Amino acid sequence: MSPPDPPGDLPFVDEHRALVAAPPAEVWRSLGTQFTHHGATGADLLAHLLGTVPRRAAGPPLTEGAALPGFAVAEVVPGRRLRLAGRHRFSRYVLQFDLADRADGTLVSARTYAEFPGLHGGLYRLLVIGSGGHRLAVRRMLRDIRDRAERGPA
């Protein structure tokens with residue numbers, strides 16, 4: 001499978017998808033909720049330990065230029081695409097969400113692109129990607145987005 005729209009020079013890592021039984025507008029709302037910062041979290045600690053850029057949340061979610069620990073909102077096409085980008089001591093990366101309208105709901109794709117330079121980067125890749133931890137984290141994120149969208153507004 002050849003992933004579309006590679007962000008710059010980062011190599012493709014993986015793609016995960018979920019079909020959500022909800023319209024794109026509801027999935028977009030759920031995606032925004034997924035990335036709303038709610039005070040100090042484990043993500044803040046991890047961001048500090050890894051030396052992420054950006055390190056702290058800033059601005060409203062789903063707005064270009066906003067940030068959350070480890071990610072800056074690099075591109076927003078409302079209701080269609082959210083591209084998050086970041087870097088830390090061991091990696092440069094992009095996590096891109098694309099929404100596609102389907103007859104039975106909305107298909108959400110999460111694509112990861114990243115580079116892991118040097119020996120430490122290679123070890124980090126083995127730890128995060130090779131262990132399956134990244135796959136589990138992205139699948140959980142997609143499941144949470146799906147479940148929230150299918151429940152509808154709170």
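Student: In E6, which residue is the bridge partner of Val20?

Tutor: This is a predicted model. Strands E1 and E6 pair in the antiparallel sense, over 8 bridges. At one of these positions, the E6 partner of Val20 is Thr106.

Student: In what order do the 6 strands of the open sheet stand?

Tutor: The pairing in this sheet is antiparallel. E1 (12-20) and E2 (67-68) stand at the edges, each with a single partner strand, so one side of each lacks a neighbour in the sheet. Read across, the order is E1-E6-E5-E4-E3-E2.

Student: Which strands does helix H4 touch as it packs on the sheet?

Tutor: H4 covers residues 133-151. Its direction makes about 25° with that of E1. The strands touched are E1, E5 (91-102) and E6 (105-115).

Student: Which residue in E3 does Leu68 stand opposite?

Tutor: E2 and E3 (residues 71-77) pair in the antiparallel sense. That pairing runs over 2 bridges. Opposite Leu68 stands Phe71.

Student: How many residues lie between E5 and E6 in their hairpin?

Tutor: The two strands pair in the antiparallel sense over 11 bridges. In that pairing, Arg92 stands opposite Glu115 of E6. The number of residues between E5 and E6 is 2.

Student: How many of the 11 residues of E6 are buried?

Tutor: In the sheet order, E6 stands between E1 and E5. The strand is largely enclosed by the rest of the structure. The count of buried residues in E6 is 10 of the 11.

Student: Is Ala18 buried or exposed?

Tutor: Ala18 is found in strand E1. Leaving aside neighbours within four places in sequence, Ala18 is in contact with Thr106, Leu107, Val108 and Leu142. Its relative accessible area is 10%, and buried means under 20%, so Ala18 is buried.

Student: What separates the C-alpha atoms of Ala18 and Phe35?

Tutor: Along the chain, Ala18 and Phe35 are 17 residues apart. Between their C-alpha atoms the separation is 17 Å.

Student: Is the packing of H1 on H4 parallel or oblique?

Tutor: H1 (residues 24-34) and H4 pack with their axes 8 Å apart. The angle is about 125°. That makes the arrangement of H1 to H4 oblique.

Student: Is the crossing of H1 and H4 left-handed or right-handed?

Tutor: H1 contributes Glu26, Val27, Arg29, Ser30, Leu31, Thr33 and Gln34 to the contact. H4 contributes Met141, Asp144, Ile145, Arg148 and Ala149. The contact residues divide into 5 nonpolar, 3 polar and 4 charged. The crossing itself is right-handed.

Student: What covers the buried residues of H1?

Tutor: The buried residues in H1 are Pro24, Glu26, Val27, Trp28, Ser30, Leu31 and Gly32. Some of these also belong to the contact with H4, including Val27 and Leu31. The cover includes E1, E3, E4 (81-88), E5, E6 and H4.

Student: Is Arg151 buried or exposed?

Tutor: Arg151 has its place in helix H4. The relative accessible area is 63%, and the exposed class is over 50%, so Arg151 is exposed.

Student: What separates the C-alpha atoms of Arg151 and Pro117?

Tutor: Along the chain, Arg151 and Pro117 are 34 residues apart. Their C-alpha atoms are separated by 41 Å.

How values were computed: Residues numbered from 1 in each chain as written. Predicted model: local features only at pLDDT ≥ 70, side-chain atom pairs only at ≥ 80, totals over all residues. Heavy atoms only, no water. Pairing = 2+ DSSP bridges. Helix = DSSP H or I, 4+ residues; strand = E, 2+ residues; numbered from the N terminus. Contact = heavy atoms within 4.5 Å. Axes fitted to C-alpha atoms, helices over the stretch in contact; angles between N-to-C directions. Parallel < 35°, antiparallel > 145°, perpendicular 65-115°, else oblique. Left-handed = near helix turned anticlockwise from the far one by under 90°. Nonpolar A, V, L, I, M, F, W, Y, C, P; charged D, E, K, R; others polar. Buried < 20%, exposed > 50% of the residue type's maximum accessible area, 1.4 Å probe, protein only.
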